[in-house]
Amino acid sequence: MSNHSSVKPANVLLLMPSFYGCITWIPTSILYLVHLINWNAPAPITLIVILVCAVLYLIASLSLYPYYSRWLRCVRAQLAATGVPSVRKALKYMVLLLHAIGFLGLFLYIYTFSNALGGYDRFFALLVSQSYVVRWESQFTESIGTQLSYFGWIAASATGSLYALGRVRWFWLVLLAAQVLGNCLFIGRTRPIWMILTILIGMVPLLRPLTIRATLGIVIVSTAGFLLLFLAMGIWVGKIGDDIVVDRNSPLPPNLQNIYMYATGGFAYLDQILVTEDWPTLTIERTAYPLMRVLGLLKITAMPPSQVCEFLNLPYEFNVGTALEPFYRDAGTFGVVVGVLLITIGADIGCLWCWQTNTWFGWFAAANLCFASAMSFSTPKFSSFPVWLFVAFAILTFVSSIGKVFHRRIVSVPFLRYLSVMVPEKKNITSPVKRILDDDGRHHNRASSSGRYQFFN
């Protein structure tokens, strides 16, 4: 077994949203500037925004790294002192309840859309042969099942972590797989990628120390795998194919043109709205869409505009504008300034708090903030209903002991001490944890470890 309390830079970086922002925003912005398809030439203000955002991602990674490292050392020390975290039956029952809510959401979605499209037979036939028709129907038909299905994501993440620790049997993986496959029925290309990636990120605090080389391998293999999945989903929904040519003068083949367009189109869209649109009013109806949507349903405020942006000719039809698009359309240049700070440094601070809750649900919320940062070059996930739901669920559940990863004390992190979360203390483990931290991992009071967790430690 390797040292529980040792911490490698790679493990720490995999916890930080700014790291994911760096590895997606910077390469895709460079690709955008290369112009492998004939995007409109970017305006100076767009170049400044892209550059400032990239720099702030780097600054956030460097400045907040010590606090993430300190927290991870605390977790490793806790594992060294207490071994594999125990799991209460109440947590398993809660995870099963969340699975049930998620499956109910899938059923309600199928029921609603089947009625709208002419019955179950036609719904499933369209999924196989013309899935884009089901996708288009979502513009006219809404189902509460969409929102309920997100509770299945929470359950899937908790199931993956508990299985990795050896705290649940293999048949729980059937529930996890059913959630992932069921969510493919929504015909969203990022849905399965979103679910899989956040499940994996939620396990990072428990991983054995990783070298930079191993981490690069993980990033490269994961990126290739997700690109293949994105291609497969794109072909299935009819948005990617050999006969779909974006730019006949491009040196790229059609399939790669589609990938390039989706990787860089957010910057082209942002450039267009920065140059041509003026938003003199101040509002939060797009940046805080989930909140405004709920208030609208309660008749407290007017309903916010749809999160689906109108298509613009760039000169290719496109309708996503990076994570900054809702900030600009809510508050203009001031909104962009606030947005840049929030999606870079703000996301790291919020994510650190989510990790510090030391609950499975807080860790899942942190993983989603990492994913939102990874997608900031393309879509505004920070303004999406799932991210708001997962963070709200983490806040509501961290006061309960049901979702705790550790039911005994874990050392607090000095940074933002007023936000540090301390789980109920038992004095018999405080001393060894303190000793491991004070000795910087050179002496170990390690409890025995058993089960599948040996794969991680």
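Me: What makes the largest nonpolar core a core, and which residues have the most contacts inside it?
Reply: The largest nonpolar core has 105 residues, and Trp25, Trp39, Tyr68 and Trp355 have the most contacts inside it. A core joins buried nonpolar residues through side-chain atoms within 4.5 Å. The model is predicted.

Me: Which residues does tryptophan 355 touch, leaving out those up to four places away in sequence?
Reply: Tryptophan 355 touches Leu15, Tyr68, Trp71, Ile201, Gly202, Pro205, Trp363, Ala366 and Ala367.

Me: How much of the protein counts as buried?
Reply: Of its 457 residues, 54% count as buried. The secondary structure comes to 16 helices and 2 strands. Among contacts between residues at least 6 apart in sequence, 77% join residues at least 24 apart.

Me: Why is glycine 265 called buried?
Reply: Its relative accessible area is 0%. Buried means under 20%. Therefore glycine 265 counts as buried. Glycine 265 sits in helix α11 (residues 254-276). Its contacts, not counting residues up to four places away in sequence, are Trp39, Tyr260, Leu314, Phe318 and Val320.

Me: What is the form of the peptide bond from leucine 314 to proline 315?
Reply: The bond is cis, with omega near 10°. Most peptide bonds are trans. Proline 315 lies in the loop between β1 (312-313) and β2 (317-318).

Me: What makes the phi of threonine 322 stand out?
Reply: Phi is positive, about 70°, although threonine 322 is not a glycine. Most residues other than glycine have a negative phi. Threonine 322 is found in the loop between β2 and α13. At 0% relative accessibility, it is buried.

Me: Where is asparagine 358, and what is its phi?
Reply: Asparagine 358 is in the loop between α13 and α14 (360-374). Its phi is near 55°, a positive value in a residue other than glycine. Its relative accessible area is 2%, so asparagine 358 is buried.

Me: How do you know whether serine 143 is buried or exposed?
Reply: Its relative accessibility is 8%. The limit for buried is under 20%, so serine 143 counts as buried. Serine 143 lies in the loop between α6 (131-137) and α7 (144-164).

Me: Why is methionine 233 called buried?
Reply: Its relative accessible area is 5%, and under 20% means buried. Methionine 233 is in helix α10 (residues 212-236). Not counting residues up to four places away in sequence, it touches Cys184, Gly188, Arg189 and Pro192.

Me: What lines the second largest pocket?
Reply: There are 26 lining residues, of which Thr287, Phe327, Leu342, Phe382 and Trp388 lie nearest the centre. Elements giving two or more residues to this lining are α13 (325-356) and α15 (385-397). Helix α13 gives the most, with 13 residues. By class the lining has 19 nonpolar, 6 polar and 1 charged residues. The space in this pocket is about 570 Å³.

Technical notes:
Residues are numbered from 1 along each chain as its sequence is written. This is a predicted model: local features need pLDDT of at least 70, side-chain atom pairs count only at pLDDT 80 or more; totals for chains, interfaces and linings use all residues. Side-chain values use heavy atoms; hydrogens and water are left out. Helices (H or I, at least four residues) and strands (E, at least two) are DSSP runs, numbered from the N terminus. Buried means under 20% relative accessible area, exposed over 50%, partly exposed in between (1.4 Å probe, protein chains only). Contact means heavy atoms within 4.5 Å. On a 1 Å grid over the protein atoms alone, a cavity is a set of points where a 1.4 Å probe fits but cannot get out, and a pocket is an open set with protein on both sides within 12 Å along at least five of seven lines; lining residues have an atom within 4 Å of a point. Grid points are joined across faces, edges and corners, and a volume is the space filled by probe spheres set on the points. Ala, Val, Leu, Ile, Met, Phe, Trp, Tyr, Cys and Pro count as nonpolar, Asp, Glu, Lys and Arg as charged, and the others, Gly among them, as polar.
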